[in-house]
Amino acid sequence: MPAAERTTARLRLRRVSVDDLDAFVALEASLRPERTPDAVVSARYLSAFTDVWERGELGYWTVLLHGEVVGFGGVQPKLWHGRRCWNLYYRVSPAHWGKGIATEVAREAVAAAREARPDWPVLVETRPWNAAAIRVAERVGLIRREDRDGYAVLIAEPEPEPGPGRS
């Protein structure tokens, strides 16, 4: 099973838990202040996130800065148009935007994905107008492809296997 906790220079990244529901709902509320988040729907999302870890796969983390939950992110397996890949996800509280936290989480997530299953691509699907999410994906090495199904698609393909004539 992949390591359930990682650290970066500033962040503690730990396996997401159902105990994070209040923080998850608070994050959703801060991202969409015009809507009250549905705690039942949020609990379903969180449960699905924890199920990935329970299956022994690398999954999303709770992101902590100085002990405070400031977001959620990481990678988890996804079947995308018939292809196994890592879905890269990052959401940070607006109070912490502009501090490089999403980029730091995304960079660590890509590294963890490469350790766990280096033969899978890393994928981000976001709305084409979400310039901040696109910039983060590009900063960590994903390349924008043709939009698909209403989403901007960014992918980091796996590194080619060393073989004859390759070094």
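I looked up arginine 32 in this predicted model and found it partly exposed, with a relative accessible area of 30% (buried is under 20%, exposed over 50%, partly exposed in between, with a 1.4 Å probe and protein chains only). Residues are numbered from 1 along each chain as its sequence is written, and side-chain values use heavy atoms, leaving out hydrogens and water. Local features need pLDDT of at least 70 and side-chain atom pairs count only at pLDDT 80 or more, whereas totals for chains, interfaces and linings use all residues.

**Salt bridges around glutamate 28**

I noted that arginine 32 forms a salt bridge with glutamate 28, the closest N and O atoms being 3.2 Å apart (a side-chain nitrogen of Lys or Arg within 4 Å of a carboxyl oxygen of Asp or Glu). Glutamate 28 is buried, at 11% relative accessible area. I then found a salt bridge from arginine 91 to glutamate 28, with closest N and O atoms 3.0 Å apart. This pair links distant parts of the chain, since arginine 91 is in strand β5 (residues 83–92) and glutamate 28 in helix α1 (residues 21–31), 63 residues apart. I took helices (H or I, at least four residues) and strands (E, at least two) as DSSP runs numbered from the N terminus. Arginine 91 counts as partly exposed at 22% relative accessibility.

**Glutamate 57 and arginine 117**

I recorded a salt bridge between the side chains of glutamate 57 and arginine 117, at 3.2 Å from N to O. Glutamate 57 lies in the loop between α2 (39–54) and β3 (60–65), and arginine 117 in the loop between α3 (101–116) and β6 (122–126), so the pair ties together parts 60 residues apart in sequence. Glutamate 57 is buried at 15% relative accessible area, while arginine 117 is partly exposed at 31%. Salt bridges that share partners also join Arg6, Glu108 and Glu115 into one network. My search of the whole structure finds 12 salt bridges.

**Largest pocket**

I looked up the lining of the largest pocket and found 44 residues, of which Tyr89, Tyr90, Arg91, Thr126 and Asn130 lie nearest its centre. A pocket is an open set of points on a 1 Å grid over the protein atoms alone, where a 1.4 Å probe fits, with protein on both sides within 12 Å along at least five of seven lines; lining residues have an atom within 4 Å of a point. The largest share of the lining, six residues, comes from β5.
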